[in-house]
Amino acid sequence: MVTRIRRYAQIIDILWKYGFGIALEKAFPSKVRFRLPGTEHAPDQSTTYERVRLALEELGPTFVKFGQIMSTRTEMFPPELIAELKKLQDHAKPLPFSEVLGVLHETCPNLEEWFAEIDESPVASASIGQVHRAVLRDGTVVAVKVQRPGIPEQIENDLAILMSMAERIEAVFPESRMYNPSGLVQDFATQIRKELDFTRDGRNMERMARNFRDVPGIHFPKVYWEFTSTHLLVMEFVRGVRVDNVDAILAQGSNPHDIAVRGFNAYLKMIFEDGFFHGDPHPGNLLVSDTGDLVFLDFGIVGVLRPEKKQIFINLLFALTTDDVDMILKALEGFGIVVAEENREALRDDLYIMMHDFGGGDEILQFNFGLMINELTEVMRRYNLKVPMSLMLLLKTLVMVLDVAVRLDPKFSFGSEITPYLRKLSDSNVLSAAYAKRATNSLLEAVDAAFDLPRNVNLMLKRLSTGTIRLEVVDTDLKKLQMALDRASDKMMIGLVVAALVVGSSLVLQASPISMPKEVMWIAILGYTAAVLCGFYAIYHVIFLKLRLER
């Protein structure tokens, strides 16, 4: 608890430093009461969104990763903020080897028996862990990814604070609820907890390797499971250069255009054929080996596309490349995006303008596609459409892959590569097998229902014969019907009263030829008068009600 309070104070200090004191005072008045007026750090010439990024970087790994995840939600946040969040880099100062060695001894007690040597200088360092080159006892060179000490506890502490902040923001700023801050934090917590389990990283890597075992030029490092645990991942050490280092790729004799096409097709296979794709394709996670293979690293973030969603995503891409606005709408709804009926026509108009501005069909260019996706997410943000995280990860991944491909070959064309692939995929047995499986399941469900039909009919007849069947009628118009009947009965009663008054008064006046007292005469006249007034009231009421209904 003391640690969390100190962390709260640290977060408040940093946010105050970057000029967010007013928002803090409104959201957390009790926690910033110790601040004196005028002590807030005066921001420099940096924009608000730049200061958001700087604050996240200083707040540490949890907040940096949260910003990175939020950078994919382009349908929710302004483009200027997204641009700043994309600058967040998951890097950290390397820990001294003595601290890393302590974690290694805790994770693998037989460290000296497993490794002949471990380089003290890391080859890579990130917020959750760092990677060291090592040599096994049999001489195999491996990469050892070790988790930073205390990082799970730190992340859990930060997640609790983030959730508390999100709930407080929803309470103080009701307009923020449309963005569901608590839900965003919950999704992020699920993702980062997965990244803390290095065995999941290894399983994802092995699954990718199985999917590409017959594809040449694509490589995934081998996992050494006998040495791997939750906090330690031992895998094959691969020598290579970053995929965006064109000069180094050329120097080792590889063709950048071939690498671009191979990588792009690899991601298309992951998405449309396997339904399981690498979700963080920035250049640091893609290497070109000495042999020219494209090597994939870091599988903490992966995406899963269910079979029934593959065709929907194919339809979306086809619609984007053929200017089919109706197909775009249908595909978005297929992903669970709800479009309000009153916004449908306006949304269709905006999508049509988007397609007109950025082109389509055979003329689509790679830059147009990236801009088109940005504009599509901007349109979704403008209409407050709730987009599932899976779709945003798909779009983000494709845009990042396209960006890498263009760096390798500025003439790389998105349209010329993806259109024939999608046509081939539609004609192949990949989707046919998925539809066949769905058809089989539907047929089996129908057969089960057919077999259950006699039993259900027999049960219904038995309940009818014993009088135990109950029929429930739910109708929102029953109350309206009851009110109409009540009004009709009131009018009928008024009519009967008027008729009785008229008949009674006439009988009184004509009952006998004898003269009657004046009082009786006046009673009869009053009866006639009351009948006339009631008649006028009934006529007025009927006419007034009819006019209201017509309006």
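1. Helices here are DSSP runs of H or I with at least four residues, strands are runs of E with at least two, and both are numbered from the N terminus. On that basis the protein has 21 helices and eleven strands.

2. A word on the source: this is a predicted model, where local features need pLDDT of at least 70, side-chain atom pairs count only at pLDDT 80 or more, and totals for chains, interfaces and linings use all residues. Residues are numbered from 1 along each chain as its sequence is written, and side-chain values use heavy atoms, leaving out hydrogens and water.

3. Of the 551 residues, 41% are buried, meaning under 20% relative accessible area with a 1.4 Å probe, protein chains only. Helix α4 (residues 61-70) is mostly covered, with nine of its ten residues buried. Among them are F63, F66 and K65.

4. Now for a helix pair. The axes (lines fitted to C-alpha atoms over the stretch in contact, with angles from 0 to 180 degrees between N-to-C directions) of α14 (residues 325-334) and α15 (residues 344-358) come within 9 Å and cross at roughly 120°. The two helices are therefore oblique to each other; that class is what remains after under 35 degrees (roughly parallel), over 145 (roughly antiparallel) and 65 to 115 (roughly perpendicular).

5. Who touches whom? Contact means heavy atoms within 4.5 Å. α14 brings V325, D326, I328, L329 and E333, while α15 brings R344, L347, R348, L351, Y352, M354 and M355.

Key
Buried means under 20% relative accessible area, exposed over 50%, partly exposed in between (1.4 Å probe, protein chains only).
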